[in-house]
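Biologist: I am new to this structure and would like to learn how to read it. Could we go through it feature by feature?

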Amino acid sequence: MGWTGSNTNIQIINDGTTSTLTVSNIQRSSGTSQTSFSCRYDGDVGIKSAVHRLQILQAEEKTCPKEELEGYTWPVTPVNNIAILPCLQSSTGNAIRTCTLDETKQVPSWGIASTINCVSPSFVTLEQEASNLTTTNNNATSVLTKLLNITTTPPNQPLSSGDILAANSILQRVTNVSDELSIRVQDLYEFVRTGSNLIELKNRDRWIDIQKTRPGTTQLTQLLDKYGSLVGLENDTVIVAADNIVMEISSYSTESEQSYKFPQDNFNQITQTTGNLVLKTNSSRKWLAGNNIILPATVFQSYDVSTTIKVVSFIYKTLNELLPNEVDQTLRTNDSRWIPQTMIISTSLYPALDKTLLEPIEYTLQKVERNQLLFNRELYTITDDFNCSFWDYRIRTIHNGAWSNRGCLTKTSNTTHIVCQCDHLTNFAVLLRLSEGNISDAVRLSLEIITYAGCGMSVVSLSSTIVIYSILWRFLQNPTNTIHMNLFTWLLVANLIIMFVDLAKPIKVLCTILACMLHFSLLVTFMWMLMEGIHIYLVLVKVFNVHEKFRYYQLASIGIPGLIASLTAAIVCGAYSIDSYLNSQGCWLSATNWVILAFVIPFALIFAANIVFCCMAIHTMLHTHKISQESGDLQKTKIALRGLCILAPLLGLTWIFGCLLMISDNVVNQYLFAITNSIQGIYIFLAYCVFSKKV
């Protein structure tokens, strides 16, 4: 009996009837817990040999459990190791699966099985047959019929990743050798049905596997669109309706004065007798309801006279769950992820229109129920942020593009549907933002307590300060305290709105009004902070008598915020929609477009200006003798400056966290904003009342 392997700690014991082989200290192969060995026996019955695969585990090592999945029996595998199994049936190659550590639960977790190297003999043979196709020797009909048959599998039997790649390759070859004269309608039907088979949800893990390194589904959609553009139209319209794809090819002329709509309202009633060629499976098309795309007549009138335009449109039932999660810089954030919340709908024109659209195209899509969306609910939580988006093939990625919202905007939306407008054509959807880090109920409750209790204490503290100042006003009246009273009053208004603004969320008009009022009141608060900085600068540096300038303070503090807030609301709501103005998470400015800049830019400028004024005032007090030491204004100015140097950073810090919260709504930012916002009113009461010598 002999042993062949890399290990030398081998012991063989023969008791006369049986031989026992003992191997110790077996070493792992690199990157996997599996190792192989061969055993050869030379005895009375002749020479026998066998190859065995061992799973080598270390003491107390975290492992993924043995699991039966889709015909594979995955063995116990240590974390950060790869399990390797032969492909099923007669497919060549190996299937692999990685055992990783779940970062959230800190427990071992199986990854998606990769069958990208598993190709069935039927696909290998058909791929070889397709490679022999040429424009002169085009037997595409036979190839497509065979491909449709081998991609049609039972509901619980997904294709391997390798088979899907082979199918894509075959469709690519058929498309490359086809033209308008060679494509039969039956070919188109089988081409689309094959595509429908490939995007069955049972193949979802396979597409995820493929799209780690390749375009995947985006390549398939491009092939479908290109093949459709090559179909010669003998009828006005050709419609192909498969289980997961509905396709329509229509012909339009530049003289057309009618808009184009897909799918038509009466799609399910369309028959061959109406001048259309319809090929469809027996399954229901109820999923089409509530989804459509409309091209205005001006799109066709933009072409040169007498041009015949071919319109190729698709709507995909399952593609939204299969496309890569690749987004443009306009949507990318560190702790968020965007997924389609609707089906994918697309329209292309041939020849392509190289002019700017005179009117936007419009598409309406029905929202998928949130409990039906496929994503890791332990890592992400659903937000109310959504974006009208399109797949931009011009963006260079391994997936042949990325989701982008350039040139698209929301026209209207409700609880079930979203209407979008875009200035170009391609694949359209509505993306929903997922926030990283699912907030627990305990954290959510603590944030609500801090927010409402903090705002409540701020309201009480600010109200108390205003009442005390009002009672003692004849002793406290001066420009500095007048500025303080205005600042305290508007900060109180802002806190009151913050406390009750969410109650108006169901009523969109009231929500918009409160959002505008909150925008205005916060800007007024910041402006009074700026007035205090300007006031100190004029007293110390310019040595002006500011009493006569005070009416300009009031005019600027109310007028400029009023102008900014009202114009922002009027322009956005008038030119676009209320949805473009409001943040989807509450009654506040939208953070997904330029609207939020109407708050951020004034705040940033005022905060920076106050820092400059503080520095200039401190420098003047330390290095100049312009102000007489006997002047009664000096002590008042010092007190005002001390208050500004503390209050300005506090207000600034609070809304820095507030701005960060608009960009990233992680738990840390939420706590920081809630705490600092609560401190403001309490600090004002302590600094300006309790510990104030004047009061």
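**Helix packing and strand pairing**

Modeller: H10 and H12 are roughly parallel to each other, because angles under 35 degrees count as roughly parallel. This is a predicted model, where local features need pLDDT of at least 70, side-chain atom pairs count only at pLDDT 80 or more, and totals for chains, interfaces and linings use all residues. Residues are numbered from 1 along each chain as its sequence is written, and side-chain values use heavy atoms, with hydrogens and water left out.

Biologist: At what angle do H10 and H12 pack?

Modeller: Two packed helices are described by the angle between their axes and the distance between the axes. Helix H10 (residues 479-500) and helix H12 (residues 550-575) pack at about 15°, and their axes are 12 Å apart. Helices here are DSSP runs of H or I with at least four residues, and strands are runs of E with at least two. Axes are lines fitted to C-alpha atoms, for helices over the stretch in contact, with angles from 0 to 180 degrees between N-to-C directions.

Biologist: Which residues of H10 meet H12?

Modeller: Pro 479, Thr 482, Ile 483 and Trp 490 in H10 meet Phe 550, Tyr 553 and Ile 558 in H12; contact means heavy atoms within 4.5 Å.

Biologist: How many bridges join S15 and S17?

Modeller: Two strands pair if DSSP finds at least two bridges between them. Strand S15 (residues 260-262) and strand S17 (residues 292-295) pair in the antiparallel sense over three bridges. Phe 262 has Ile 293 in S17 as its bridge partner, and Ile 293 also stands opposite Tyr 363 in S21.

Conventions
Parallel < 35°, antiparallel > 145°, perpendicular 65-115°, else oblique.
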